Amino acid sequence: MIVTETNIPEVKLIAAKKFGDERGFFSETFNLERYRDAGISMDCVQDNHSMSGPVGTVRGLHFQIPPKAQAKLVRVVRGSVLDVAVDIRKGSPTYGQHVAAVISAKDWNQLYIPKGFAHGFCTLEPDTEFLYKVDDYYSPEHEKGIQWDDPDLGIAWPVEGDKALLSAKDTGNPGFADLPDYFIYGKEG
Ligand SMILES: Cc1cn([C@H]2C[C@H](O)[C@@H](COP(=O)(O)OP(=O)(O)O[C@H]3O[C@@H](C)C(=O)[C@@H](O)[C@H]3O)O2)c(=O)[nH]c1=O
């Protein structure tokens, strides 16, 4: 496995090893010890799997607030997405900045998103299947969203605002300027 830093050092791109043979392939997609040694410390408690039919489906930007904040390790087993992580840690040198990376079944890559980041993605292919591990349980009371296409964030989404397919919930998310200081840099836990 190869771990690469991104423009926000705490967000990491991972290339998992894939062993191909005449049957198909084998891949370790998570290994507590090895990921920890690579600086990715996650006590995962839940695995999630979503499928998005149409190209241009947008899910996000989402996060859970403390004490139910979640780190996420995301990957794609069918299709591809533009995956986005926005730094929402007040006082962070990269506050308000984001990482955007194509995560795909073909590239077999993963993105590690620590606590203190809002996360979302836009599908680039039909029927994209998105898998992710999280290190705290789903808690609707702690769940928050930010407007995915807020111009303040400057995210180059691969879909026009009026063509994106969103959940009803995600059409009503507040803008970045209205975000309370849920996370303080250095105290994300
Ligand atoms: C996230 C989640 C949802 N659900 C339920 C609630 C709801 O009825 C249904 C669909 O939920 P949502 O519309 O919130 O699903 P979705 O928009 O896919 O939410 C996800 O988006 C991505 C970008 C993330 O980063 C995730 O953390 C999560 O917020 O699934 C769970 O039971 N457990 C979960 O962990």
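Which residue in S12 is the bridge partner of Val 58? In this predicted model, local features require pLDDT of at least 70 and side-chain atom pairs count only at pLDDT 80 or more, whereas totals for chains, interfaces and linings use all residues. Residues are numbered from 1 along each chain as its sequence is written.

The bridge partner of Val 58 in S12 is Cys 122. Strand S6 (residues 58-64) and strand S12 (residues 117-123) run antiparallel and are joined by three bridges; strands are DSSP runs (E, at least two residues) numbered from the N terminus, and two of them pair if DSSP finds at least two bridges between them. Both strands belong to an open sheet of five strands with antiparallel pairing, in the order S10-S8-S12-S6-S14. Strand S10 (98-104) and strand S14 (143-145) form the edges, each pairing on one side only.

The shell around the ligand comprises Asn 48, Ser 50, Arg 59, Gly 60, His 62, His 119, Gly 120, Phe 121, Tyr 138, Ser 167 and Lys 169, a residue being near the molecule if its C-beta atom, placed from the backbone, lies within 6 Å of it. Strand S5 (46-52), S6 and S12 each give two or more residues to this shell.

Leu 153 lies in the loop between S14 and strand S15 (183-184). Leu 153 counts as partly exposed because it has 19 C-beta neighbours inside 10 Å; by this criterion, 20 or more other C-beta atoms make a residue buried and 12 or fewer exposed, with C-beta atoms placed from the backbone. Phe 176 is 23 residues from Leu 153 in sequence, with a C-alpha to C-alpha distance of 7.4 Å.

Note on methods: Helix = DSSP H or I, 4+ residues; strand = E, 2+ residues; numbered from the N terminus.
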